[in-house]
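Have a go at each task before you read its solution.

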Amino acid sequence: MPTYELAILYKTLPKEGGIIRKLNNLGQQATPYRMSVEGHTVKQANYFVYEFDCPSSSVQKLLMEFKKYDSMARSTIFSPVKPIDFSACKLEEETQIAPFRKDVQDMLKRSKKAQEERDKGKVKPNHGLGFDPFSL
């Protein structure tokens, strides 16, 4: 069977305001589970991944539009993955032992303050003994 190329031209739709950046064809694959679409059981599907830019307000409109097509078994739109900013990570601070790290010191201060808040309403014995005779 020969391989062909298909060129599709989409007209610019100013009302949608979206741009398709990339189209990946992942080929025909088995679905993770049996799906029912319009009363038909689907066990295999052609997988396509579109990368596109569009306003956040039109994402729900797109999902509603996709539900109109009975040839689409499932459609999901994922949020873009934000790259991790490694500039905030400081290796010399992370390699210090725990009592000297600033984040651990802040955590201990918050814990001590919370403990003082919890102990504020408790009655403290004022009898001068080194132990509480009533807890025996």
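**Exercise 1.** Find what share of the protein chain is buried.

*Solution.* Start with the cut-offs: buried means under 20% relative accessible area, exposed over 50%, and partly exposed in between (1.4 Å probe, protein chains only). With those, buried residues come to 7% of the 136 residues in the protein chain.

Two notes before you go on. This is a predicted model, where local features need pLDDT of at least 70 and side-chain atom pairs count only at pLDDT 80 or more, while totals for chains, interfaces and linings use all residues. Residues are numbered from 1 along each chain as its sequence is written, and side-chain values use heavy atoms, with hydrogens and water left out.

**Exercise 2.** Work out the order of the elements in the protein chain.

*Solution.* Helices (H or I, at least four residues) and strands (E, at least two) are DSSP runs, numbered from the N terminus. The protein chain has three helices and two strands. Reading from the N terminus, you get β-β-α-α-α.

**Exercise 3.** Say which residue pairs with Asp106 in a salt bridge, and where the two sit.

*Solution.* A salt bridge needs a side-chain nitrogen of Lys or Arg within 4 Å of a carboxyl oxygen of Asp or Glu. Asp106 pairs with Lys102, and their closest N and O atoms are 3.4 Å apart. Both belong to helix 3 (residues 102–119); they are four residues apart, so about one helical turn separates them. Next, check the accessibility: Asp106 is partly exposed at 28%, whereas Lys102 is exposed at 53%.
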